[in-house]
Amino acid sequence: MNEQTLNETSRWRQRLRAMGPGIMMASAAVGGSHIIASTQAGALYGWQLALIIVLANLFKYPFFRFGPQYTLETGRSLLEGYAEKSRVYLWVFFVLNLFATVINTAAVSMLCAAILSFVLPGEWSMNALSVAVLASAVLMLLVGPYRTVDSMSKIIMISLTITTVAAVAVAASKGAQMQPGFIEPNPWNLGALAFIVALMGWMPAPIEISAINSLWVSAKRKLEKVSYEDGLFDFNVGYISTAILAIVFLALGALVQYGSGVEVKMAGGAYIGQLIDMYAKTIGEWSRWLVAFIAFACMYGTTITVIDGYSRTNMESMRLILRRPESERSNRILAVWIVFAAITGLCVMLFFKGAVLAMLKFAMIASFVSTPIFAYLNLALVRKGEHKLQPWLMWLAWAGLLYLSGFAVLFLLNQAGIVA
C-alpha cells in the first residue's frame, strides 16, 4: 500500500470519527416531519408536493449549515452568538425553545408509545407506555448524555434507511395503487396552505435544531479532534440524508396510499397503523413486526435526541441570560433540564391528550413563521467569519430568506383574513 493510499485511508478514518452531530440531527429530523408529514403528503397529494419538500430542504440548507460552521470557526455556540448580537434574540429563542421542548417531547414520545403498542403483545395503556418511553430515555441520557445519542442515532438511521428504501423499491415495481376514476386533489390553493406550511416548518427539522446541532458539535469536540472540513462533512452527510429520506417517505405514501380509496388518517398516532400497513403491504406481511420495531427505534431515537438537544439549548440559554460563567455548564444542570423536559412533556400527554395534535400542528407552523428571523441571524453571524462564505452559498442564503419570508407573510395574511 503506497503512501497516498495510506493518507487517504487515514483521512477517511478521521472523517468517520468526526461523524456524530450531523447524524444526530438527521435522527431528530426523521420523526414527525418524515415518518408522518412526508408520508401523509404523498398519501394526500401524490408527487405534487415533492417540489415543496425539495425547495424547503434546499433553501434551509445554508441556515442549518451555519450552526456547525459557526462553532467550528469560533469555538462558540450559536446561542453565544445570539447573545452577542442582541439579548432580545436570545430571549425570543429561549421562549420559543421552551414551548417547543414541552410540545415536541410530548408529541414524539406519544408517537413512540403508539408504535410500541403495535410491537408489544396484548393490550397496553398508552399512558403506561408513554411513561415507560420517557423514563427509559431519561435514564439513558443521565447515564451517558452525548455518547448514548451519538451511538444510537447511527444504528437507527442505517436501519430505517435500508428498510424504507426497500419498501419504496418494491412499491415502485408494483406501480401506483390509484383506483380508476380517482380525482386528484389540488394542493395549490389557500385551503391547503396550513398543511404545506406545517410540512415545511419541520422540513427537515425545526430551525432551532441548528442551535442544538451547534451544541452537539461542541460536545463532540470534547471527545474527538474535529477539523473544520470534517465537521462540515458530517453535517452534509446528515442533512443530505434527511433530504433524500423525505422524498423516499413521500414516495411511499404516493405509491401505496394515494388514490387507493383508503382514507388518510391525519392524527399522528392513528396514522402509525396505516404506515406500518404500507410496509407490510409492499414488502410482505412477514415484515410487519420488523418494520414496527424499526419505526419504534426511529421514534425512540428521535425522542432521545429531542430531549437531549432541547435540554442542552435551554441550559445554555439560561446560562447566557443570567450571565453565568462557562464553569456552570455541567452534566448536573443538564440532568435537571432533561428531567424538566420529560416531566412537562408527560404532563401534557396525561392532562391534555386531546390537544397534543393541535399543539403539535401549532408548533410546526410557529417553527416555520419564526424561521426567517433565526435564518437571518445565523447568516449575520457567519458573514464575517474566518472562512468566507462561498458566492453560491451566499446567493442560496438570500434566495432562501426571500422564499421562506414570502411563504410566512402569505400564511399570516391568510390567517388574518387579508388574503383569502
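**Salt bridges and surface patches**

Arg312 and Asp308 both sit in helix H12 (residues 288–321), 4 residues apart, about one turn of the helix. Helices are DSSP runs of H or I with at least four residues, numbered from the N terminus. This is a predicted model: local features need pLDDT of at least 70, side-chain atom pairs count only at pLDDT 80 or more, and totals for chains, interfaces and linings use all residues. Residues are numbered from 1 along each chain as its sequence is written, and side-chain values use heavy atoms, without hydrogens and water.

**Confidence**
- The protein chain averages a pLDDT (the predictor's confidence in each residue, from 0 to 100) of 82, and 90% of the residues score at least 70.
- Confidence is lowest in helix H1 (residues 3–18), at a mean of 64, and highest in helix H3 (residues 50–74), at 93.

**Salt bridges**
- The whole structure holds 4 salt bridges (a side-chain nitrogen of Lys or Arg within 4 Å of a carboxyl oxygen of Asp or Glu).
- Arg312 pairs with Asp308 at 3.0 Å, N to O.
- Asp308 is buried, at 0% relative accessibility (buried is under 20% relative accessible area, exposed over 50%, partly exposed in between; 1.4 Å probe, protein chains only).
- Arg312 is also buried, at 12%.
- Glu316 and Arg319 form a salt bridge at 2.8 Å, N to O.
- Salt bridges that share partners join Glu80, Glu316 and Arg319 into one network.
- Glu84 and Arg76 meet at 3.2 Å, N to O.
- Glu84 is exposed, at 53%, while Arg76 is partly exposed, at 30%.

Technical notes:
Helix = DSSP H or I, 4+ residues; strand = E, 2+ residues; numbered from the N terminus.
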